[in-house]
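Good morning, everyone, and thank you for making the time. Please have a look at the sequence and the model on the screen, and then we will go through a few parts of it together.

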Amino acid sequence: MFTATLDGTPLELSEPTLREALRAAVERAEAGRSPAPSGSGTSGGRIIVEALFDGRPLPAELLENPPTDRLDAGTLALTTADPVEVVRQTLLDACAAIGQLRSDQRAAADAIREGRLEHAIAPMQECLGVWQAIRDVVDHGSRLLPAAFEAGGTTGSGAPQSTGSGGTPAADRQPGGEPVAGGELGLLIERLGGSLRELQDALRSQDFATLGDLLGYDLDEQAGQWHDALSRARERAGA
């Protein structure tokens, strides 16, 4: 017999399918209200953070598009978490990662300036991966806890905030027009994107002087600004 649980509590299913189990789990999780911090922008519902089928992680494609086939056996165990706590922890992890990021960027810059290009490749790859992970934290966190990422203001350079139609900062919009993050984070996202494009151009043209400057100065400064901005976002999340 197929069974499904949410945080150890059995789910009542109208039919023994993964789609029905996930539908019922999401419905119950969203109804599982708990007090949310004032101004956090969340109503307190919980989110599913783990899905195990017979003790193994359920593949992402099955989570995104669960099948309607009837199951005769198996156990689906789902675990939820408070979205506020999830955002707090991911922001804390991102701030911690920035320390290593700055070290890797400086190591790559030093290797480039000293002509040891082969020693710069691995640190640069690490840096690009960390920057992508930090951007993912903002993208996902702003959907779970919008208010923590929407504070107005300026970057450390004091640059004014530009806005698009409807008053949402232009830098804070995805191609489809959906806000991602507001205020200083929106401006930092825009600046980071420009710097990473410059980095790729310098790599293609083998402009090592520009590479060294980007890694040793520009991206190092931005890493410090991101650390401060993410720390403030964590405070707004109620940390």
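Let me begin with a question: which residue in β4 is the bridge partner of L52? Before I answer, please keep in mind that what you see is a predicted model. The partner is P57, which belongs to β4, and the pairing of β3 with β4 is antiparallel and runs over two bridges. For those who are new to this, strands of a sheet pair through backbone hydrogen bonds, and they do so either parallel or antiparallel.

If we now step back to the whole sheet, we find five strands in an open arrangement with mixed pairing, and their order is β2-β1-β5-β3-β4. The edges are taken by β2, at 9–10, and β4, at 56–57, and because each has a single partner strand, one side of each is left without a neighbour in the sheet.

Next, let us turn to the aromatic rings. A pair of aromatic rings is described by the distance of the centres and the angle of the planes. How many aromatic pairs does the structure hold? There are two. In one of them, the ring centres of F2 and F53 are 6.3 Å apart and the planes meet at 25°, and since planes under 30 degrees apart count as stacked, this pair is stacked. F2 sits in strand β1, residues 2–6, while F53 sits in strand β3, residues 47–53, so the pair ties together parts that lie 51 residues apart in sequence. As for accessibility, F2 counts as buried at 7%, whereas F53, with a relative accessible area of 22%, is partly exposed.

The rings of W131 and W226 also form a pair, with centres 6.2 Å apart and planes at 70°, so this one is edge-to-face. W131 lies in helix α4, residues 121–144, and W226 lies in helix α6, so here the pair ties together parts that are 95 residues apart in sequence. W131 is buried, with a relative accessibility of 1%, and W226 is buried as well, at 0%.

That brings us to the helices, and to helix α6, residues 208–236, which packs with helix α5, residues 183–205, at an angle of about 160° and with the axes 10 Å apart. Because of that angle, α5 is roughly antiparallel to α6. The crossing in which α5 passes α6 is left-handed, and the contact of α5 with α6 has 15 nonpolar, four polar and six charged residues.

Key
Residues numbered from 1 in each chain as written. Predicted model: local features only at pLDDT ≥ 70, side-chain atom pairs only at ≥ 80, totals over all residues. Heavy atoms only, no water. Axes fitted to C-alpha atoms, helices over the stretch in contact; angles between N-to-C directions. Helix = DSSP H or I, 4+ residues; strand = E, 2+ residues; numbered from the N terminus. Parallel < 35°, antiparallel > 145°, perpendicular 65-115°, else oblique. Left-handed = near helix turned anticlockwise from the far one by under 90°. Nonpolar A, V, L, I, M, F, W, Y, C, P; charged D, E, K, R; others polar. Phe/Tyr/Trp six-rings, centres within 6.5 Å; stacked < 30°, edge-to-face > 60°. Buried < 20%, exposed > 50% of the residue type's maximum accessible area, 1.4 Å probe, protein only. Pairing = 2+ DSSP bridges.
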